[in-house]
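This report walks through the side-chain packing and pairing of one protein chain. Keep the model open while reading.

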Amino acid sequence: MRTPPQTDLAMLRLLSVLALLGSLSVAARAQDSQRSECLAMANTPPRAVPVSLRRAAGKADEVAITYAGHSTYYIDTPAGIRIATDYNGAYRIGRLPDVATMNRAHSTHYTLFPDPKIAHVLHGWGDDGQAAHIDEHIGDVYIRNVTTDIRRYWGEGSGGEMIKDGNSIFIFEVAGLCIGHLGHLHTRLDESQFAAIGRLDIVMVPIDGTYTMSLDGVSEITKRLRASVVLPMHRFATPLDEFMRLIGQQFEIDQRSERTLKISRETLPNTPTVIILDGV
């Protein structure tokens, strides 16, 4: 058999290397598509956007966040994906959500019989005894979770026993925004959990002060997360003045008469702000 000339062997080696690099590039792009932008940007300085550019920004990247009741917020993305947080079916606004996230603290935070028309039902607890692991791209939103321990929920008996990884903090990454929902949070967060959450622009926090964390505890977490927008929920009879006193002077207060907040990366407030929507 004729031995290929040296130039042919060199060409074959080059083609093999190019093919390998091409496959690695595809794999890298696939991996990058699963990467959290909020985690990647967690240690970078906040982006400053001139007011003139904010005014000129279009509405294509706006997200609408509507308070429905208790711990349920509806998030409507620019591509039309609708998400309902801590969904139990009781708090309905308009059409059904495409995505329902749930936490199994009490029946007000989940349902085992959601409408079958809801395409994506995401449990914040593990159904197989393991911690829930949410890592989903749905339309234009990337959804992930960070688990926390939770006191044993009503109906199981038990005086304050903790269930490991029984609650999930859900993080929604859409339109350049990092939106977090703390769920039925019972415990302080440790350094590994703060690191896993990453950067948040908007955070939804329970402020009942009894069934979840104390107001001191949730105020401490709110300060540490340093989101641009804080949306209270799970209030019951908690005086809003008391919550505001505890989180200190570093947050502005913006109490609104409507239930829906329309916001984009460009229109985030310059000063960290607690926005209290109607119904809270």
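Over the ring of which residue does the charged end of Arg-224 sit? The ring belongs to Phe-194, and the charged end of Arg-224 is 4.2 Å from its centre. The model is predicted.

## Nonpolar cores

In soluble globular proteins, nonpolar side chains tend to be buried together. Here the largest nonpolar core has 51 residues. Those with the most contacts inside this core are Ile-65, Tyr-73, Ile-143, Ile-179, Ile-202 and Leu-231. Strand β8, residues 162–174, supplies the largest share of the core, with five residues.

A second, separate core has ten residues, among them Ala-68, Leu-96, Ala-100 and Met-102.

Most residues other than glycine have a negative phi. His-70 has a positive phi of about 55 degrees. His-70 lies in the loop between β1 (63–69) and β2 (72–76). With a relative accessible area of 15%, His-70 is buried.

Asp-86 also has a positive phi, near 40 degrees. Asp-86 sits in the loop between β3 (82–84) and β4 (99–102). Its relative accessibility is 0%, so Asp-86 counts as buried.

## Aromatic pairs

The structure holds three aromatic pairs. One of them joins Tyr-110 and Trp-125. Their ring centres are 5.5 Å apart and their planes stand at 75 degrees, so this pair is edge-to-face. The pair links distant parts of the chain, 15 residues apart. Tyr-110 is in the loop between β4 and β5 (120–123), and Trp-125 is in the loop between β5 and β6 (135–138). Both residues, Tyr-110 and Trp-125, are buried.

Phe-170 and Phe-172 form another pair. The ring centres of Phe-170 and Phe-172 lie 6.4 Å apart with planes at 15 degrees, so this pair is stacked. Both Phe-170 and Phe-172 are buried.

## A buried glutamine

Which backbone oxygen does the side chain of Gln-193 reach? The backbone oxygen is that of Thr-147, at 3.1 Å. Gln-193 lies in helix α4, residues 191–197. At 14% relative accessibility, Gln-193 is buried, because the cut-off for buried is under 20%. Beyond residues up to four places away in sequence, Gln-193 touches Val-146, Thr-147, Thr-148 and Arg-188.

## Salt bridges

Side chains of opposite charge can pair when their charged atoms come close. The structure holds seven salt bridges. One of them joins Asp-76 and Arg-82, at 2.8 Å from N to O. Asp-76 is buried at 17% relative accessible area. Arg-82 is buried too, at 11%.

Asp-98 and Arg-95 meet in a salt bridge at 3.2 Å, N to O. Asp-98 is partly exposed at 23%, and Arg-95 is partly exposed at 41%. Asp-254 and Arg-256 meet in a salt bridge at 2.9 Å, N to O. Asp-254 is partly exposed at 24%, as is Arg-256 at 28%. Salt bridges also link Arg-199, Asp-201 and Arg-265 in a network.

How values were computed
Residues numbered from 1 in each chain as written. Predicted model: local features only at pLDDT ≥ 70, side-chain atom pairs only at ≥ 80, totals over all residues. Heavy atoms only, no water. Core = buried A, V, L, I, M, F, W, Y, C linked by side-chain atoms within 4.5 Å. Buried < 20%, exposed > 50% of the residue type's maximum accessible area, 1.4 Å probe, protein only. Helix = DSSP H or I, 4+ residues; strand = E, 2+ residues; numbered from the N terminus. Phe/Tyr/Trp six-rings, centres within 6.5 Å; stacked < 30°, edge-to-face > 60°. Lys NZ or Arg CZ within 6 Å of the ring centre and 35° of its normal. Polar contact = N/O pair within 3.5 Å; in protein donor to acceptor, adjacent residues only side chain to side chain. Contact = heavy atoms within 4.5 Å. Salt bridge = Lys/Arg side-chain N within 4 Å of Asp/Glu carboxyl O.
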